Amino acid sequence: MRHSKEEILNILEQLENKKANSLESETLDFKEWITRPKELYKTLVEYAVCFANQKGGTLVLGVRDNVKGKENAITGCSGYNIPEIKSRIYEATDPKILVDIEEVYVEDIGVTILLIHI
């Protein structure tokens with residue numbers, strides 16, 4: 001199941017009073033941005049495989065999942081390369097997994113998060 005940009009932004013509004021991990025489901029997960037490429041790609045491949053083996057879903061990158069408050073939880077992503085992320089996931093999976101990646105600017109926080117749709 002693919003979550004729309006609007007759905008995700010509505011869910012993020014709930015972070016004032018809830019932790020992101022309490023909003024997760026089998027088709028939605030939040031992860032903080034990982035700055036070390038090797039660790040980032042390993043994590044993304046693991047999540048892509050998990051979602052692909054179920055109903056599909058959306059991985060939201062740039063959100064810490066265990067803190068309350070939008071400003072504390074939404075950290076954003078930086079220095080990313082969308083074609084590289086897609087390629088790394090595709091190359092590391094068998095059968096091959098194609099993902100769709102959407103950039104979402106969170107205006108009130110001033111950061112960009114990534115929605116990886118599997």
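Helices (H or I, at least four residues) and strands (E, at least two) are DSSP runs, numbered from the N terminus. Arginine 64, for instance, is placed in the loop between β2 and α3 (70–73). The structure is a predicted model, in which local features need pLDDT of at least 70 and side-chain atom pairs count only at pLDDT 80 or more, while totals for chains, interfaces and linings use all residues. Residues are numbered from 1 along each chain as its sequence is written, and side-chain values use heavy atoms, with hydrogens and water left out.

**Packing of helices α2 and α4**

- Helix α2 (residues 37–52) and helix α4 (residues 82–91) have axes that come within 9 Å and cross at roughly 60°; axes are lines fitted to C-alpha atoms, for helices over the stretch in contact, with angles running from 0 to 180 degrees between N-to-C directions.
- The helices α2 and α4 are therefore oblique to each other, given that angles under 35 degrees count as roughly parallel, over 145 as roughly antiparallel, 65 to 115 as roughly perpendicular and the rest as oblique.
- The crossing of α2 past α4 is right-handed, a term for a near helix turned clockwise from the far one by less than a right angle, with anticlockwise giving left-handed.
- Tyr41, Leu44, Val45 and Ala48 of α2 form the contact with Glu84, Ile85, Arg88 and Ile89 of α4, where contact means heavy atoms within 4.5 Å.
- By class, the residues of this contact of α2 with α4 comprise six nonpolar, no polar and two charged; Ala, Val, Leu, Ile, Met, Phe, Trp, Tyr, Cys and Pro count as nonpolar, Asp, Glu, Lys and Arg as charged, and the others, Gly among them, as polar.
- Leucine 44, a residue of helix α2, has a relative accessible area of 2% and is therefore buried (buried means under 20% relative accessible area, exposed over 50%, partly exposed in between, with a 1.4 Å probe and protein chains only).
- Not counting residues up to four places away in sequence, leucine 44 touches Leu59, Leu61, Ile85, Ile89 and Ile116.

**The loop between α4 and β3**

- Threonine 93 belongs to the loop between α4 and β3 and counts as buried because its relative accessibility is 3%.
- A polar atom of the threonine 93 side chain lies 2.9 Å from the backbone oxygen of isoleucine 89, and a polar atom of that side chain lies 2.9 Å from the backbone nitrogen of isoleucine 97.
- Beyond its neighbours within four places in sequence, threonine 93 is in contact with Val45 and Val49.
- Proline 95 also lies in the loop between α4 and β3 (100–106), and a cis peptide bond with omega of about 5° joins aspartate 94 to proline 95.
- Most peptide bonds are trans.

- Threonine 58 is part of strand β2 (residues 58–61), and its 0% relative accessibility is why threonine 58 counts as buried.
- The side chains of threonine 58 and histidine 117 make a polar contact at 3.0 Å; a polar contact is a pair of N or O atoms within 3.5 Å, and within protein one must be able to donate a hydrogen and the other to accept it, with residues adjacent in sequence counting only if both atoms are side-chain atoms.
- The backbone nitrogen of histidine 3 is 3.1 Å from a polar atom of the threonine 58 side chain.
- Apart from neighbours within four places in sequence, the contacts of threonine 58 include Met1, Arg2, Thr27, Leu28, Phe51 and Leu115.
- Phenylalanine 30 sits in strand β1 (residues 28–31) and, at 0% relative accessibility, counts as buried.
- With neighbours within four places in sequence set aside, phenylalanine 30 is in contact with residues including Ile11, Leu12, Ala20, Leu23, Val60 and Val63.

**Arginine 64**

- Arginine 64 is partly exposed, having a relative accessible area of 29%.
- The backbone oxygen of asparagine 72 lies 3.1 Å from a polar atom of the arginine 64 side chain.
- Leaving aside neighbours within four places in sequence, arginine 64 is in contact with Ala20, Glu32, Asn72, Ala73 and Thr75.
- Arginine 64 and alanine 20 are 44 residues apart in sequence, and their C-alpha atoms are 7.1 Å apart in space.
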